[in-house]
Amino acid sequence: MDFIIEFLPRIFDGFLVTIQVTFFGVIMGLALAIPLAIGDLYGGKIVSTIIKFYVEFFRGSALVAQLFIFYFSIPTLLNIRIDWFTVGLVAFTLNSAAYQKGYIKGAMESVYEDQMTAALSIGLSKVQAIIYVVLPQSLRIVIPAWSNEFCSLAKSTAALLTIGGKDLTAAGRTMASQTWRILESYTFIALIYFLWITTVMKALDILYNKVKIPGLEVSA
Amino acid sequence: MADTVMECRNLWKIYEKITAVKDVSLEIKEGEIKLLFGPSGSGKSTLARCLALLTTPTKGDVFHRGECLTRPGVNLNKARARIGFVFQHIWLFHHLTALGNVELGLRRVLKLPKKEARERATKALREVKMEEWANHYPAQLSGGQQQRVGIARALAMDPYIIILDEPTSALDPELIGEVTDTLRALAKKGTTMFIISHEMQFAREVADEMIFFNQGMIVEEGPPERFFTKPSSDRAKRFMERLIKRTTKE
Ligand SMILES: Nc1ncnc2c1ncn2[C@@H]1O[C@H](COP(=O)(O)OP(=O)(O)O)[C@@H](O)[C@H]1O
Ligand SMILES: [Mg+2]
């Protein structure tokens, strides 16, 4: 197992990249998905059509193609250079926001009508009603979907390979090709993915139960 | 003569396919209790929502304390803050405790400091005898308890009128009493109320005037005794007979 120890620093660097891109993607994706969901629900026809285009583009095209667009096409057009890490962060954020918008919108619709009416009846404005009543309930409902999103994003970061990114999978590939211990290398990498993703999923599960509204049976 | 608290003139609400409210005019004076009843689908809820500014009437005007609130440019949020509304299906905020439900408007609409909001919310809960349940979530309460919190939520905002849309019709029969008792206590204190209800015994006790509503229109209005002894319209008479038969059977 000496070869693993030798490659540990590289694997660690790759792991850090994967973690950063995933976390940043999911959290910035969420920050972007909330206004997208609100815009889609309350923004009127034009806003909602623009949002629909955005979502269709990111959900309807391959992630690798999106990475290429941000890594090759856009920089060429603008005559600039963007490093693969920044491209990864931007592409994963935009991609994840497209998916998360759907989850949040669905959750908001499920709590919307009557809770909104009740909120208006005590004098809250529509914006206040969204902030204090609709969102707190929707975000609780959305945690399980969020957990899936995290899981799929964590694995998708391997696509960074195609633009020369050095993520966890890339580190595994380097190790495999340099040592010829293909089975052990990829097994070790798979194990890291597994442990990491399971830990985060478990944490989200605990969070879900912790913020669950007492006595209420919810189904998303 | 007492002041007019709420009034509507020639009110219409037309949905795409249905005219739910047809040319309704009514008036409620300070301290008065009016009770509206009529068949399901006759437009009672729609009328109540128009009066509470929760939906915009198609035609006609709503006045609260002399001010026309159906003109453009009126701050509806501000106006709604002082109109209490109690819903048929209760609609408490699921993610907040009983206290949190009552406090929300005090904190975010009236912008009261934390301590003051808490005191006022607790007082409102005490008034509906729910103080001990302050820290329970809606899903942990019975229907009757939830509806009392709903009443406290409206009361806490110091409304000059409370509009109640069938506050007991979603409740199990054995839970109706605690809610009507709460309303009786409010009535005794002189609270101005517009109540939609089919609890005829309760109506007879608290209402100053009853209104029979059918197909979006006021068919008959008058003091409860007249409805119970000799309603002038046939339609009201038959409806009353059915209601009374139903309650005595139970
Ligand atoms: N938002 C709405 N859109 C379209 N039709 C509605 C809406 N709300 C109520 N209606 C219709 O208006 C009529 C009156 O409804 P409602 O006011 O709820 O009656 P009630 O409270 O007396 O049972 C019904 O036919 C109902 O289907
Ligand atoms: Mg109704």
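Start with the largest pocket: 26 residues line it, and those nearest its centre are Glu166(B), Ser169(B), His198(B), Leu243(B) and Arg246(B). This is a predicted model, in which local features need pLDDT of at least 70, side-chain atom pairs count only at pLDDT 80 or more, and totals for chains, interfaces and linings use all residues. Residues are numbered from 1 along each chain as its sequence is written, chains are lettered from A and ligands numbered from 1 in the order in which they are written, and side-chain values use heavy atoms, leaving out hydrogens and water.

**Stop 1: the largest pocket**

Rolling a probe the size of a water molecule over the atoms shows where empty space is left. On a 1 Å grid over the protein atoms alone, a pocket is an open set of points with protein on both sides within 12 Å along at least five of seven lines; a cavity is a set where a 1.4 Å probe fits but cannot get out, and lining residues have an atom within 4 Å of a point. The volume of the largest pocket is about 660 Å³, where a volume is the space filled by probe spheres set on the points, and points are joined across faces, edges and corners.

Now select α1 (44-51), α6 (173-188) and α9 (234-249) of chain B; each supplies at least two residues of this lining. Helices (H or I, at least four residues) and strands (E, at least two) are DSSP runs, numbered from the N terminus. Which helix gives the most to the lining of the largest pocket? It is α9(B), with 5 residues. By class, the lining holds 6 nonpolar, 13 polar and 7 charged residues. Here Ala, Val, Leu, Ile, Met, Phe, Trp, Tyr, Cys and Pro count as nonpolar, Asp, Glu, Lys and Arg as charged, and the others, Gly among them, as polar.

**Stop 2: ligand 1**

Select ligand 1 and the residues around it (a heavy atom within 4 Å). Among them are Tyr15(B), Pro39(B), Gly43(B), Lys44(B) and Thr46(B). The largest share of this shell, 3 residues, comes from α1(B).

Next, look at the polar contacts (pairs of N or O atoms within 3.5 Å; within protein, one must be able to donate a hydrogen and the other to accept it, and residues adjacent in sequence count only if both atoms are side-chain atoms). A polar side-chain atom of Thr46(B) is 2.5 Å from an oxygen atom of ligand 1. For Gly43(B), a backbone N or O atom lies 3.0 Å from an oxygen atom of the ligand.

**Stop 3: Gln128(A)**

Move to helix α5 (residues 126-156) of chain A and pick Gln128(A). Is Gln128(A) buried or exposed? Gln128(A) is buried, with a relative accessible area of 17%; buried means under 20%, exposed over 50%, and partly exposed in between (1.4 Å probe, protein chains only). A polar atom of its side chain lies 3.0 Å from the backbone oxygen of Arg108(B).

**Stop 4: the cavity**

The count comes to 1 cavity of 30 Å³ or more. The largest cavity has a volume of about 50 Å³, and its lining includes Ser121(A), Ile122(A), Arg80(B) and Phe85(B).

**Stop 5: two loop residues**

Lys129(B) sits in the loop between α4 (114-127) and α5 of chain B. Its phi is positive, about 60°, although Lys129(B) is not a glycine. Lys129(B) is exposed, at 69% relative accessible area.

Finish at Gln215(B), in the loop between β9 (209-214) and β10 (217-222) of chain B. Gln215(B) also has a positive phi, near 50°, and is exposed, at 55%.
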